[in-house]
Amino acid sequence: MKRNEITEQIVVARLAKGLKWQQLADAIGRPVVWTTSALLGEHPIPAELGTVLVGMLGLDESVVPVLAASPMRGGLPTAVPTDPTIYRLYEAIQVYGGAIKELINEQFGDGIMSAINFSLDLKKKSHPSGDRVVLTFDGKFLPYQWVSAQH
């Protein structure tokens, strides 16, 4: 079975069982953003955790090794996302990405924020004009380094 087929089974089973992403995350002791992303195919899920999740979702145990395999990440169906929520994040990065890059370079030096050594938190914040979505990107700073070739 292909990973995208398993992802479809996960989504259907979660809805059919009335499970929240947070419940699944709590069951394996992992952050909800990581767990959701992993179940949607963006991270490998260690077999012992996959077994717990598969049991909760009522899926066949044969999917556990597929869930544990390193995935092909970043599988959005189009270069520019069309889902409104994902597109708005894309739009925010288009508008603020240059400023974020400049401020990282000014405050840390020439380098990048890692998306490999990384965590993401999502919170709901009440606000008089409507609830707010608060995203916290927490990535390790990685400086660019020039390495001379040794002969």
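Guide: Angles of 65 to 115 degrees count as roughly perpendicular, under 35 as roughly parallel, over 145 as roughly antiparallel, and the rest as oblique. This is a predicted model, where local features need pLDDT of at least 70 and side-chain atom pairs count only at pLDDT 80 or more. Residues are numbered from 1 along each chain.

Visitor: Why are α2 and α3 called roughly perpendicular?
Guide: Helix α2 (residues 21-28) and helix α3 (residues 32-39) pack at about 100 degrees, so they count as roughly perpendicular. Their axes, lines fitted to C-alpha atoms, lie 8 Å apart.

Visitor: Which residues of α2 meet α3?
Guide: W21, Q22, L24, A25 and I28 meet V32, W34, T35, T36 and L39 of α3, with contact meaning heavy atoms within 4.5 Å. The residues of this contact divide into 7 nonpolar, 3 polar and no charged.

Visitor: What makes D83 a cap for α6?
Guide: A side-chain oxygen of D83 lies 3.0 Å from the backbone nitrogen of T85, at the N-terminal end of α6. A polar contact needs a pair of N or O atoms within 3.5 Å, one able to donate a hydrogen and the other to accept it.

Technical notes
Side-chain values use heavy atoms; hydrogens and water are left out. Helices (H or I, at least four residues) and strands (E, at least two) are DSSP runs, numbered from the N terminus. Axes are lines fitted to C-alpha atoms, for helices over the stretch in contact, and angles run from 0 to 180 degrees between N-to-C directions. Ala, Val, Leu, Ile, Met, Phe, Trp, Tyr, Cys and Pro count as nonpolar, Asp, Glu, Lys and Arg as charged, and the others, Gly among them, as polar.
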